[in-house]
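Work through the exercises below with the model open beside you. Try each task before reading its solution.

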Amino acid sequence: MTSARGLLSYALVMSAVGCGGGGGFPDALEIDAPPPPGTFSLVWSAMNTSDQPVSCESLAAQSMTAVLRNRGVEGGSTQVFGCNAYEGRSEGLLPGTYDLNFQLVGSGGASPSGLIALAPAQLGVVIVSGQNVALPAVVFTVDATGGLALTLTANAAGGNCAAVASGGAGLGQVSLTLERASDGSCASVTFAVGAGASGIAGTYAVDCATPVVRGCLEADQTLTATGLTSGSYIVRIRGYPTAQPAPAAACFLNNDSIPVPPLGRTLMRSLNLALQPGC
């Protein structure tokens with residue numbers, strides 16, 4: 001039977017062993033620090049279907065998004081760049097092998113997501129710790145054309161063309177020009193003019209130097225044009241009263257900025273004709 005004195009001696013021996021260099025509890029395991037991240041850099045551009053460069057602005061593209069999938073990790077991530085920069089470098093990424101897809105996104109997009117175009121994917125891109133990899137140039141091909149469907153309203157209960165005494169706006173004649181906001185050049189387009197309920201169908205050829213003056217257009221007569229280069233335009237409309245035909249001073253004015261969308265889509269808009277003081 002072990003005596004109390006023997007147990008005390010055993011405890012003292014074990015305590016001494018525990019305090020020695022080779023005894024006691026093992027040190028806590030060290031956690032390896034993650035490797036330094038790597039990055040990628042890239043440049044991008046957009047071309048129309050005739051292989052001519054087009055700007056992000058003309059496509060109403062706000063961002064260029066790279067969608068990444070690391071083959072060694074579940075899920076994916078995105079890197080978003082301002083489209084107008086046309087170049088960028090990613091944030092730090094875990095080293096590994098990635099597949100990358102590229103999206104042009106903005107208000108010019110046809111879907112709720114704003115997608116305008118996709119560029120060819122780049123697969124098997126190796127991101128190396130502490131290094132940057134320069135990707136091949138990213139090129140988007142986009143249908144950079146669209147259309148307009150415009151109507152004019154002078155906001156009179158009796159319509160645009162009826163006399164003021166009959167509740168109309170008293171509009172007698174109108175002229176229209178269309179200029180590219182980027183450089184002020186004239187868009188020499190021919191609009192098709194719908195008949196509406198009471199008007200006459202026809203055409204209207206834009207001439208910015210000598211604007212064509214034609215008869216009154218009712219609010220349900222639509223001016224349509226297709227195949228316009230997408231981008232921002234300034235439309236200038238002048239309206240002349242029935243009793244005071246052009247070239248007298250215009251009584252109705254409109255100077256709206258309108259965006260022609262890309263992807264063959266058509267902007268539909270009603271343009272307000274503002275009655276000028278003294279008319």
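Ala, Val, Leu, Ile, Met, Phe, Trp, Tyr, Cys and Pro count as nonpolar, Asp, Glu, Lys and Arg as charged, and the others, Gly among them, as polar. Keep in mind that this is a predicted model.

**Exercise 1. The cavity**

Task: Find which residues line the largest cavity, and sort the lining by class.

Solution. 
- Step 1. Count the cavities. There is 1 cavity of 30 Å³ or more.
- Step 2. Take its size. The volume of the largest cavity is about 50 Å³.
- Step 3. List the lining. Leu152, Val174, Ser175, Leu176, Val193, Tyr204, Arg214, Leu217 and Leu223 line the largest cavity.
- Step 4. Apply the classes. The lining splits into 7 nonpolar, 1 polar and 1 charged residues.
- Step 5. Assign the lining to elements. S11 supplies the largest share, 3 residues.

**Exercise 2. The disulfides**

Task: Work out how many disulfides there are and how the bonded cysteines pair in sequence order.

Solution. 
- Step 1. Count. The rule gives 4 disulfides. Three of them are taken in turn below.
- Step 2. Take cysteine 56 and cysteine 83. Their disulfide has an S to S distance of 1.9 Å. It is left-handed, with -65° about the S-S bond. Cysteine 56 sits in the loop between S2 (53-54) and S3 (63-70), and cysteine 83 in the loop between S4 and S5. The pair links distant parts of the chain, 27 residues apart.
- Step 3. Check burial for this pair. The cut-off for buried is under 20% relative accessible area. Cysteine 56 is at 4%, so it is buried. Cysteine 83 is at 0%, so it is buried too.
- Step 4. Take cysteine 161 and cysteine 216. Their sulfurs are joined at an S to S distance of 1.9 Å. The S-S torsion is about -90°, so this disulfide is left-handed. Cysteine 161 lies in the loop between S10 and S11, and cysteine 216 in the loop between S14 (213-215) and S15, so the link ties together parts 55 residues apart in sequence.
- Step 5. Cysteine 161 has a relative accessible area of 25%, so it is partly exposed. Cysteine 216 has 15%, so it is buried.
- Step 6. Take cysteine 251 and cysteine 279. Their sulfur atoms are 2.1 Å apart. The torsion about the S-S bond is about -90°, so the link is left-handed. Cysteine 251 is in the loop between S16 and S17, and cysteine 279 is in the segment after S19 (274-275), 28 residues apart. Cysteine 251 is buried, at 4% relative accessibility.
- Step 7. Write the pattern. Numbered in sequence order, the bonded cysteines pair 1-2, 3-6, 4-5, 7-8.

**Exercise 3. Positive phi**

Task: Describe the setting of tyrosine 86 and decide whether it is buried, partly exposed or exposed.

Solution. 
- Step 1. Recall the background. Most residues other than glycine have a negative phi.
- Step 2. Take tyrosine 86. Its phi is positive, about 65°, although it is not a glycine. Tyrosine 86 is found in the loop between S4 (77-82) and S5 (87-89).
- Step 3. Classify tyrosine 86. Its relative accessible area is 29%, so it is partly exposed.
- Step 4. Take asparagine 155. Its phi is positive, near 60°.
- Step 5. Exposed means over 50%.

How values were computed
Residues are numbered from 1 along each chain as its sequence is written. This is a predicted model: local features need pLDDT of at least 70, side-chain atom pairs count only at pLDDT 80 or more; totals for chains, interfaces and linings use all residues. Side-chain values use heavy atoms; hydrogens and water are left out. On a 1 Å grid over the protein atoms alone, a cavity is a set of points where a 1.4 Å probe fits but cannot get out, and a pocket is an open set with protein on both sides within 12 Å along at least five of seven lines; lining residues have an atom within 4 Å of a point. Grid points are joined across faces, edges and corners, and a volume is the space filled by probe spheres set on the points. Helices (H or I, at least four residues) and strands (E, at least two) are DSSP runs, numbered from the N terminus. Buried means under 20% relative accessible area, exposed over 50%, partly exposed in between (1.4 Å probe, protein chains only). A disulfide is a pair of cysteine sulfur atoms within 2.5 Å.
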